[in-house]
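Please read the following note with the sequence and the model open side by side. Each point may be checked by selecting the residues that it names.

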Amino acid sequence: MVNRVAALVGKGKIEMTVGPVPEPKADEVLIKVRHCGVCGSDVHNFLEGRTGKRVISYPFVLGHEFAGDVVALGADVTNVQVGDRVCVEPGAACGHCEYCRIGRYNLCEHMRFLSAYPNVGSMQDYVVFPARNCFKLPDNLDTIDGAMIEPLAVGLHAANRGNVKWGDTVLIIGSGCIGIMTVLACKAKNATNIIAVDVFDNRLAKAKELGATATINSRTEDVAARVAELTGGRLADVVFECAGRPETFNMACDAVRPGGAIVTEGNISEPLQMNHVLINMKEIDIKCMFRYVNVYPVALRLISSGEINIKGLQPKIFPFDKTPEAFDCAINDGKSVLKCVLEM
Ligand SMILES: [Zn+2]
Ligand SMILES: [Zn+2]
């Protein structure tokens, strides 16, 4: 067996190479990767040469949004079998620390997350990972759908953090992949009004196609004023900040109703100047979030039942040996392509 690897060999440089096929430990499975998405964080790490605070030493492998076939089992594995098609939750938590024990394993102090340096990612033919992180794909899902579960999990976790419920007006600022996943999640939660914001009309059209009830182009319209108009002055119950910019955070504060919530899905890396008096006077709940927790099985049921139309995102598929082109597309065609997916 040959393991083809998309090796990150320097800042902004990927080379197609070949490496050894890894061996599963007792609690692990060997997976033949079939599809792997290019995440916004992959693009960031590709360009910046770091994952979070950690500087990458090359070569390294990116990728964590993947699905494939189980091809070998460790001695203790019982939950999946050889031949199963699975999607894989890419963060292996320790299972023993305080956060794991209270069910908030996304905060695990010993998390091993694929593609977070030094844990090599899934942009290669073969990956070993704990079997407990593998979820069997229902028969009506393919491995492209399986690779889309990870970004959907972010949207589902955001909707959980915002406690979205029927009757709600939600405002989603930023209609890229994660914003659209949040539209899908809020629709599945039966939010009544789903308002999507972006600066690109084609993204807004996609948001509308997949469940937004209204859209606002923030380049030409005053977002808070439009939300007031659309809600009879009431404003939004929950605002999702998916753009990761100081100005969109402040937009969220203006557009949320008193007593409402803001969920910060985007990472705002620039210094943030906020109107704290306004936030206090409105008694806004600011809900932060890190990745996702306990949503993979739910995501599979929602897609399999048709409650969430994941195919509507229409990812652009690249053959694996065109990985550099896929990154190029993710960087330069972000307004027209929501998700690039590699096919192994
Ligand atoms: Zn991702
Ligand atoms: Zn833990």
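1. The structure is a predicted model. The remarks that follow should be read with that in mind.

2. Domains. Two domains are assigned to the protein: domain 1 covers 3-136 + 314-343, and domain 2 covers 155-288. Taken over C-alpha atoms, the centres of domain 1 and domain 2 are separated by 29 Å. Where the domains meet, eight residues of domain 1 are in contact with 10 residues of domain 2.

3. Helices H1 and H10. Helix H1 spans residues 40-48 and helix H10 spans residues 323-332; their axes come within 10 Å and cross at roughly 105 degrees. An angle from 65 to 115 degrees counts as roughly perpendicular, and H1 and H10 are therefore described in that way. On the side of H1, the contact is made by Asp42, Val43, Phe46 and Leu47, while H10 contributes Phe327, Ala330 and Ile331. By class, the residues of this contact comprise six nonpolar, no polar and one charged.

4. Helices H3 and H9. How do helix H3 and helix H9 pack, and at what angle? Helix H3 (residues 143-161) and helix H9 (residues 296-304) have axes 10 Å apart, at an angle of about 105 degrees. That angle makes H3 roughly perpendicular to H9. From H3, the residues in contact are Ile149, Glu150, Leu152, Ala153 and Leu156; from H9, they are Tyr296, Ala299, Leu300, Leu302 and Ile303. The residues of the contact of H3 with H9 divide into nine nonpolar, no polar and one charged.

5. The cavity. How many cavities of 30 Å³ or more does a search of the whole structure find? The search finds one. The largest cavity holds about 40 Å³ of space. Its lining consists of Glu89, Gly91, Tyr105, Asn106, Met111, Phe113, Arg291 and Tyr292. Sorted by class, this lining has four nonpolar, two polar and two charged residues.

6. Cis peptide bonds. Tyrosine 58 and proline 59 are joined by a cis peptide bond, with omega about -5 degrees. Proline 59 is located in the loop between strand S5 (54-55) and strand S6 (65-73). A cis peptide bond also joins tyrosine 117 and proline 118, where omega is about 10 degrees. Proline 118 belongs to the loop between strand S9 (112-113) and strand S10 (126-130).

7. A positive phi angle. Which value does phi take at leucine 235? Phi of leucine 235 is near 75 degrees, which is a positive value in a residue other than glycine. Leucine 235 is found in the loop that runs between helix H6 (223-230) and strand S15 (236-241).

Definitions and conventions:
Residues numbered from 1 in each chain as written. Chains lettered and ligands numbered in written order. Predicted model: local features only at pLDDT ≥ 70, side-chain atom pairs only at ≥ 80, totals over all residues. Heavy atoms only, no water. Axes fitted to C-alpha atoms, helices over the stretch in contact; angles between N-to-C directions. Helix = DSSP H or I, 4+ residues; strand = E, 2+ residues; numbered from the N terminus. Parallel < 35°, antiparallel > 145°, perpendicular 65-115°, else oblique. Contact = heavy atoms within 4.5 Å. Nonpolar A, V, L, I, M, F, W, Y, C, P; charged D, E, K, R; others polar. 1 Å grid on protein atoms, 1.4 Å probe; cavity = no way out; pocket = protein on both sides within 12 Å on 5 of 7 lines; lining within 4 Å. Points joined across faces, edges and corners; volume = space filled by probe spheres on them. Domains from an automatic or database assignment.
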